[in-house]
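Thank you for having me this morning. Please keep the sequence and the structure open while I talk, and look back at them whenever I name a new element.

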Amino acid sequence: SGQERKEAELAVQRKMQAAGLSGAFITAFTQCYRDLVDGKTGMMPESSIEPVSLVPQYDYVSSVQDPSLLSKTVVLKLNGGLGTSMGLEKAKSLLKVKGDDTFLDFIAKQILYLRKKHNTPLKFMLMNSFSTSDDTKAFLAKYPELAKDPNIELMQNKAPKIAVKGLVPVSWSKNSELEWCPPGHGDLYAALVGSGKLDQLLSEGVKYMFVSNSDNLGATLDLKILSYFSRQNVPMLMEVCERTESDKKGGHLAQDKADGKLVLRESAQCPKEDEAQFQDITRHRFFNTNNLWLNLELLKKAITAAGGLLPLPLIRNAKTVDPRDSSSPPVYQLETAMGAAIASLPGSQALSVPRTRFAPVKTCNDLFLLRSDAYRTTEDFLLVLATECSKGAPYVELDGKLHKLVDGLETLIPNGAPSMKLCRKLKLTGPVKFAAGTVLKGEVTLTNSGKDAKEVSGEVTGTRNL
């Protein structure tokens, strides 16, 4: 009934107020909650969209660069995620990627390099969550020049999980922390407004923001893109890449049939019957890299015009309140995605960029490769493929059971990763340990059906049963 609905919504708002969350976030979350109650699932049927066929390409846009724009720019890294899927209990960005350097070391060194090279005070911020804030700030102490900035942290909000029964905020006395979840990176906009950081940046003369995931080492501040974005004078520029077979299950860019504006469709927003078209990479050719450029002046205008919040489509995830206990009460976690704002910011554009700008580390297969000599570090602290890998990155498939988590990866390469720059493909099954100085060449398949790890050393090629 209308009365029950009102009471449930008030309960949701009171819970957020009691937790000290900002008015901007409460407004944004209330909108998501109303969509949930209205039965909106955020579905985007194929019949409502058109494919995007033409997107300007990085290689063909003017390479005129304007370094003076750096002093009006802030780089923001999304750093709220724990590397739980890789067995980590701390910020994923604190994982060692190359030698002793973590993701955060690379990010810090890239920022400091740009400041020095262009002699400009490029601003830097991290969007942390309650779970990553302390670890990250402690780690950054080794970069005093960054750590001393009192505005380096933008805090991600937390959202109440909603009980499927009655659509009220769930309560779980066993562990009240589990009553909350991250709101997805679409929270960026409410966090900027609610914390006062958006107005503060604008008052300091900062006009442009480059946002990307902290685990995507390809997402560096590119002066050519910044200069292009500044000339376009649009609210958002989304970096997209061409989808390949391995991207077909991920979201894609499309155009709204009704008004022609760009939209993003995630897999959770695709009806079952449209799956084949969703996965057709010749039809829907581009995916969002989550590298976004925002014009803060135009963003502020759009948020004000929309009454203080950017309307973002709801992503509804069905879970249990304790994700480790499938018998605990079922809940909805309501999320939004940052890139989906492309539909709420009229005039926004996409730019097709080289695949090198999208190099996220999602699995231990990715990490194994980065730690090997298939990647080298450039003077400006980019990780690029070794010249020997002219045909692209080697394909790596470690043992899914043994090497899914970082601890398992460490048992495989206690003395560092083997040389991979002359390897095209590596497939491992069973417990293996690489000795120091091992070199893999061509296509390598190693199988050990025993329980005890077998050591592999020297130069290795072809198929071996150990």
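Predicted model: local features only at pLDDT ≥ 70, side-chain atom pairs only at ≥ 80, totals over all residues.

In which sense do strand β11 and strand β14 pair, and over how many bridges? Strand β11, residues 236–242, and strand β14, residues 286–295, pair in the antiparallel sense over 7 bridges, where strands count as paired if DSSP finds at least two bridges between them. L237 stands opposite W293 in β14.

Residues are numbered from 1 along each chain as its sequence is written, and side-chain values use heavy atoms, with hydrogens and water left out. The element names follow DSSP runs numbered from the N terminus, helices being H or I with at least four residues and strands being E with at least two.

The pair that I began with belongs to an open sheet of 7 strands with mixed pairing, in the order β6-β5-β2-β10-β14-β11-β17. Its edge strands are β6 (153–155) and β17 (349–352), each of which pairs on one side only. From one strand to the next, the twist averages 25°, with axes being lines fitted to C-alpha atoms, for helices over the stretch in contact, and angles running from 0 to 180 degrees between N-to-C directions. Helix α3, residues 103–118, packs on this sheet and touches β2 (73–79) and β5 (123–128), contact meaning heavy atoms within 4.5 Å. The direction of α3 makes about 160° with that of β5.

Let us turn to the other sheet, an open one of 4 strands with parallel pairing, ordered β20-β21-β23-β25. Because β20 (395–397) and β25 (459–465) each have a single partner strand, one side of each is left without a neighbour in the sheet. Within it, strand β21 (residues 419–429) and strand β23 (residues 439–447) run parallel and are joined by 8 bridges, and the bridge partner of L422 in β23 is K441. Helix α11, residues 364–371, lies across β20 and β21, at about 125° to β20.

Finally, consider K15 in helix α1, residues 2–18. Is K15 buried or exposed? K15 counts as buried because its relative accessibility is 17%, and buried means under 20% relative accessible area, exposed over 50%, and partly exposed in between, with a 1.4 Å probe and protein chains only. Among the residues that K15 touches are P160 and W180.

How values were computed:
Lists of a residue's contacts leave out its neighbours within four places in sequence.
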